[in-house]
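Please examine the model shown below.

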Amino acid sequence: TVELESEVNERRRAENRLRYLALHDALTGLPNRNLLQQRIRDALELASGTDRQVAVLFIDLDRFKTINDSLGHHVGDALLKKVAHRLTAALRSDDTVARIGGDEFVIVAPVGDGEERATGIAEKILAALHPSFRIDRHELFVTPSIGICLFPRDGSTVDSLMRNADTAMYQAKAAGRNTYCYFQPAMNAAADNYFQIESNLRRAIERDEFEVHYQPIVAVQGGHPEALEALVRWRHPTQGLVPPGQFITVAEESGLIGQIGTLVLRSACRQVREWLDAGYRPPRIAINLSPIQFRDPDLIGDIVCVVEEFALTPDHIELEITETALMQDGELTLTTLDRLSKLGFKLSVDDFGTGYSSLAYLKRFPVDTLKIDRSFITDMTENDDDRAIVTAILALAHSLRLSVIAEGVETKAQFAALASLGCDQAQGYLISRPVPASDIAAR
Ligand code: C2E
Ligand code: CA
Ligand code: CA
């Protein structure tokens with residue numbers, strides 16, 4: 001029992017560390033994008049239904065890249081730390097400042113009514129960064145461009161607020177830098193684009209313009225295919241093959257994702273049927289499910305219906321659901337997953353590491369596999385934190401008897417590192433890009 005206790009403690013430590021790493025930026029110690037999203041969500045929850053507002057300020061340092069490139073990374077890093085420090089010092093304790101990328105910072109602040117306090121924050125930031133920074137022998141001047149938007153006026157979701165603050169930040173850059181700009185709906189030329197994509201998508205569904213490509217997922221030991229992930233593409237009549245990144249969000253927001261999801265599933269099932277009839281034994285097909293599809297009470301019936309239409313069984317199919325989708329609306333998701341799992345569908349958690357779920361929480365869900373997000377794999381051979389995250393995820397996943405897929409494996413060095421850490425499966429350009437079914441050598 002002493003042993004067990006120390007094992008439990010160790011596991012708790014590993015989990016705490018994983019959690020900390022998953023929520024903070026290693027360089028500055030500020031909250032990262034994950035924690036930021038959480039904080040915005042919390043702030044929106046507190047403010048909604050009241051007459052208070054929430055300001056989201058998007059800050060980009062002007063010409064930071066020049067400093068970084070000309071004076072070296074260690075000067076750039078030192079500068080970012082000092083900037084982080086001044087930003088934190090300029091704010092109130094219930095405001096959040098996060099670093100979400102190279103030289104990009106975001107502030108979330110509950111504000112009373114009107115723009116007064118948001119403007120006050122922007123002015124304070126400009127003032128705080130005005131004095132020069134001394135790093136080594138250098139005296140450096142940095143100025144920020146700041147985009148501001150307000151909840152609920154400019155957006156009601158984390159995504160739309162971040163997007164609109166980002167748009168406004170570009171406006172501030174265009175206005176000559178070292179200044180701030182409020183978001184204005186007219187800035188969204190992108191919005192026109194949105195409606196255009198939506199109406200084109202409707203037509204694409206009618207005309208059956210979607211294609212499914214397949215990317216193999218292989219065993220790290222032995223290299224044999226374990227599954228094929230189905231990835232949708234849009235064969236646009238004039239634009240050629242459009243990747244899902246350019247239309248999935250619109251499909252989700254406009255409610256078209258359900259129909260597209262069914263098209264993908266049917267296409268994949270038809271393909272499996274073809275392979276089986278030709279005497280091949282194709283591996284499982286992994287199908288991506290959007291969080292939106294989980295809210296559809298017909299989801300399970302639809303999936304079962306398609307699988308049966310092609311005389312397949314659930315063990316031919318694996319369903320991928322993103323970590324963030326799992327975290328939303330836990331109970332509903334849980335019952336849906338339970339039913340799917342009881343029917344015999346394998347379930348995996350996609351983009352793992354980008355949300356902020358603890359593995360203990362994951363234990364509640366009947367999932368079989370975790371897919372470690374590409375962002376951790378990309379840097380794991382150079383960045384110790386990313387390697388530590390991958391190591392911790394593997395250890396904890398295995399203790400829960402989950403198998404682990406590394407996504408986005410591009411180099412032999414990454415593959416070798418994953419093999420030495422005991423990762424079960426790998427997927428990525430190193431093994432194969434997503435390809436049309438005709439390029440898959442089914443056996
Ligand atoms: P995902 O589920 O994380 O899929 C993996 C994405 O990473 C794919 O992009 C794949 O082409 C890309 N990828 C794979 N290996 C590598 C690599 O080694 N390096 C790099 N840089 N990228 C790699 P893709 O096909 O553009 O799909 C993007 C996202 O669109 C998917 O991310 C998924 O979230 C969504 N998606 C694709 N098909 C469907 C679908 O049928 N339904 C739903 N709901 N979403 C889909
Ligand atoms: Ca996926
Ligand atoms: Ca993924």
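The following paragraphs treat the metal site, the ligand shell and some backbone features in turn.

This is a predicted model, in which local features need pLDDT of at least 70 and side-chain atom pairs count only at pLDDT 80 or more, while totals for chains, interfaces and linings use all residues. Residues are numbered from 1 along each chain as its sequence is written, chains are lettered from A and ligands numbered from 1 in the order in which they are written, and side-chain values use heavy atoms, with hydrogens and water left out.

**Metal site**

E229 (OE), N288 (OD1), E320 (OE) and D350 (OD) coordinate the calcium ion (ligand 2) at 2.1 to 2.3 Å. Donors are N, O and S atoms within 2.8 Å of the metal (3.2 Å for Na, K and Ca); water is not among the atoms, so sites may look incomplete. Along the chain, the spacing of these donors is E-x58-N-x31-E-x29-D. N288 belongs to strand β11 (residues 284-289) and D350 to strand β13 (residues 346-352), so the pair ties together parts that are 62 residues apart in sequence. Helices (H or I, at least four residues) and strands (E, at least two) are DSSP runs, numbered from the N terminus.

D350 also bridges the calcium ion (ligand 2) and the calcium ion (ligand 3), which lie 3.9 Å apart. D350 is buried, at 6% relative accessibility, whereas N288 is partly exposed at 29%. Buried means under 20% relative accessible area, exposed over 50%, and partly exposed in between (1.4 Å probe, protein chains only).

**Ligand 1**

Around ligand 1 there are 21 residues, of which Q215, R233, D350, E410 and Y429 come nearest; a residue is near if one of its heavy atoms lies within 4 Å.

| Side chain | Distance to an oxygen atom of ligand 1 |
|---|---|
| E229 | 3.2 Å |
| R233 | 2.8 Å |
| N288 | 3.1 Å |

Ligand 1 taken alone exposes 800 Å², and the protein buries 82% of that. Two or more residues of the shell come from each of β9 (225-236), α9 (257-277) and β13, with β9 giving the most, four residues.

**Backbone features**

The peptide bond from F151 to P152 is cis, with omega near 5°, and P152 is placed in the loop between β6 (144-151) and α6 (158-174). A311 has a positive phi, near 55°, although this residue is not glycine. A311 sits in the loop between α11 (299-309) and β12 (317-322) and is exposed, with a relative accessible area of 54%.

Notes:
Polar contact = N/O pair within 3.5 Å; in protein donor to acceptor, adjacent residues only side chain to side chain. Areas by Shrake-Rupley, 256 points an atom, 1.4 Å probe, with all protein chains shown as cover.
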